[in-house]
Amino acid sequence: MWNPEVETLPRDRLQALQLERLRQTVQRQLEHVPPMGDRLRAAGVRDSRDITSLDDLKRLPFSHKTDLREHYPFGLFAVPRDQVVRIHASSGTRGKPTVVGYTRSDLGVWSEVMARALALAGVTPGMVVHNAYGYGLFTGGLGFHMGAELLGCMVVPISGGLSQRQVLILEDLGGQVLCSTPSYALNIAQTLEEQGIGLERLKLQVGLFGAEPWTEQLRDALEGSLGLKALNVYGLSEIVGPGVAGECIEVRNGAHIAEDHFLPEVIDPSTGEVLPPGQVGELVFTTLTKEALPMLRYRTGDISQIDITPCMCGRTSVRMARVRGRFDDMLIIRGVNLYPSEVERVLLGIPDVAPHYQLIVERPGAMDELTVLCEPSGSVATDGLTARIQHTLREATGLSMRIDLQSPGSVPRSEGKAVRVIDNRPH
Ligand SMILES: [Zn+2]
């Protein structure tokens with residue numbers, strides 16, 4: 001454990017700490033973030049002393065990605081510009097990106113929670129960390145970088161892309177820890193195979209994968225093709241970046257949330273009502289220590305659930321289940337809800353199918369049509385594979401899909417975040 005004292009804090013002491021810090025976040029918004037302060041006052045919160053228990057969190061208004069867009073770029077910052085030492089931004093699939101900022105203290109918190117996430121995965125000082133997350137405005141690269149340095153690892157800041165050079169460096173520098181998106185890790189695995197580099201020439205032990213939803217089936221595929229233990233890391237730039245939660249190597253069932261810095265809730269996305277532990281809903285986070293961009297009840301759009309049962313590893317924090325998908329990513333095909341990760345789960349359960357896929361949605365006439373691009377895992381497709389895929393997907397999802405079984409290597413590969421869906425329907 002990176003910080004045993006905090007990570008095993010008894011729940012009552014942890015909650016007392018959370019309450020004290022929640023008040024600070026409320027006070028920061030009241031005093032320094034006019035749009036959010038006004039919203040709090042409208043909800044009847046005029047002073048942080050109005051917050052007397054963690055239950056009062058329910059009285060506070062939600063915040064959304066649209067708030068960041070509306071006050072783009074710096075309108076929600078709670079500190080003067082000269083105290084902001086780092087900026088990151090999300091890719092912004094629609095319109096403007098969302099910009100987030102960090103003070104020096106915020107970067108310290110981020111490094112701390114990332115060091116914890118790496119230690120959770122069994123990474124120890126001195127290990128060689130091959131960091132293939134993209135460096136730049138995306139939080140993946142620098143987030144893992146800072147945490148690994150703090151932990152005392154030897155960081156190889158290779159960033160994403162150029163897969164042939166990736167595998168050369170991975171072999172020559174003896175990378176033991178692979179950090180990347182899961183889809184890009186698959187790309188690296190395939191390049192290793194193409195270059196004829198066997199796993200015995202590598203020193204990989206563990207992989208920390210995140211930044212896009214992925215499945216247990218993909219975990220098996222990554223472990224098999226890369227010869228490592230694959231662990232899930234969760235985060236989002238609006239809250240801090242990667243490191244909000246991470247799986248422990250002991251159990252690998254749900255990611256421990258760094259609850260002394262981020263307060264989680266799960267809500268019913270349509271009513272906003274808080275759901276009890278164990279129920280599936282939308283994850284909501286409140287930052288407890290962020291200075292530059294404090295967030296109250298930020299709606300992530302991620303669908304998950306929280307497990308409060310004690311974990312075998314000894315940490316006292318709650319665990320969040322693997323994210324099934326984002327509300328934004330959910331497709332509605334002929335009235336049926338479908339997460340791309342559901343297709344992934346089914347596809348990877350079928351023998352002879354490679355872990356590369358893409359969904360294309362069209363509406364040539366009145367009806368939606370969904371085409372699944374995929375590949376056989378061998379050099380040629382086995383007899384009846386297309387029909388088998390079609391049947392299995394229909395059984396699992398209730399939707400009939402067109403299967404476009406392409407030749408190996410034809411489905412577009414990820415260079416960072418995978419493009420899983422191309423929606424060509426008219427809006
Ligand atoms: Zn654990």
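Me: Where is Arg252 found?
Reply: In this predicted model, Arg252 sits in the loop between β8 (241-247) and β9 (255-257), and its phi is positive, about 50°, although the residue is not a glycine.

Me: What about Arg334, what is its phi and where is it found?
Reply: Arg334 also is not a glycine and has a positive phi, in this case about 45°, and its place is the loop between β16 (331-333) and β17 (336-338). With 13 C-beta neighbours inside 10 Å, Arg334 counts as partly exposed.

Me: Switching to peptide bonds, which residues does a cis peptide bond join?
Reply: The bond between Tyr72 and Pro73 is cis, with an omega of about -5°, and Pro73 belongs to the loop that runs between α4 (65-70) and β1 (86-89).

Me: OK, domains now. How is the protein divided?
Reply: There is a domain 1, covering 1-326, and a domain 2, covering 330-423, and their centres, taken over C-alpha atoms, are separated by 29 Å. Their contact takes 18 residues from domain 1 and 16 residues from domain 2.

Me: Which elements give two or more residues to the domain 1 side?
Reply: Those are α8 (182-194) and α9 (216-226), and α8 supplies the largest share of the side of domain 1 that touches domain 2, namely four residues.

Me: How do the residues on that side divide into nonpolar, polar and charged?
Reply: On the side of domain 1 that touches domain 2, seven residues are nonpolar, nine are polar and two are charged.

Me: How many residues does the largest nonpolar core have, and which have the most contacts inside it?
Reply: The largest nonpolar core has 107 residues, and those with the most contacts inside it are Leu118, Val123, Ala185, Leu208, Val244 and Phe285. Helix α5 (residues 104-120) provides the largest share of this core, nine residues.

Me: Why does this core lie between domain 1 and domain 2?
Reply: Both domain 1 (1-326) and domain 2 (330-423) give residues to this core, so it lies between them.

Me: Last one, what does Leu118 touch?
Reply: Leaving out residues up to four places away in sequence, Leu118 touches Val123, Gly147, Ala148, Leu151 and Leu208; of these partners, Val123 and Leu208 are themselves among the residues with the most contacts inside the largest nonpolar core.

Terms used:
Residues are numbered from 1 along each chain as its sequence is written. This is a predicted model: local features need pLDDT of at least 70, side-chain atom pairs count only at pLDDT 80 or more; totals for chains, interfaces and linings use all residues. A nonpolar core is a set of buried Ala, Val, Leu, Ile, Met, Phe, Trp, Tyr and Cys residues joined through C-beta atoms within 7 Å. A residue is buried if 20 or more other C-beta atoms lie within 10 Å of its own, exposed if 12 or fewer, and partly exposed in between; C-beta atoms are placed from the backbone. Domain bounds come from an automatic or database domain assignment. Two residues are in contact if their C-beta atoms, placed from the backbone, lie within 7 Å. Ala, Val, Leu, Ile, Met, Phe, Trp, Tyr, Cys and Pro count as nonpolar, Asp, Glu, Lys and Arg as charged, and the others, Gly among them, as polar.
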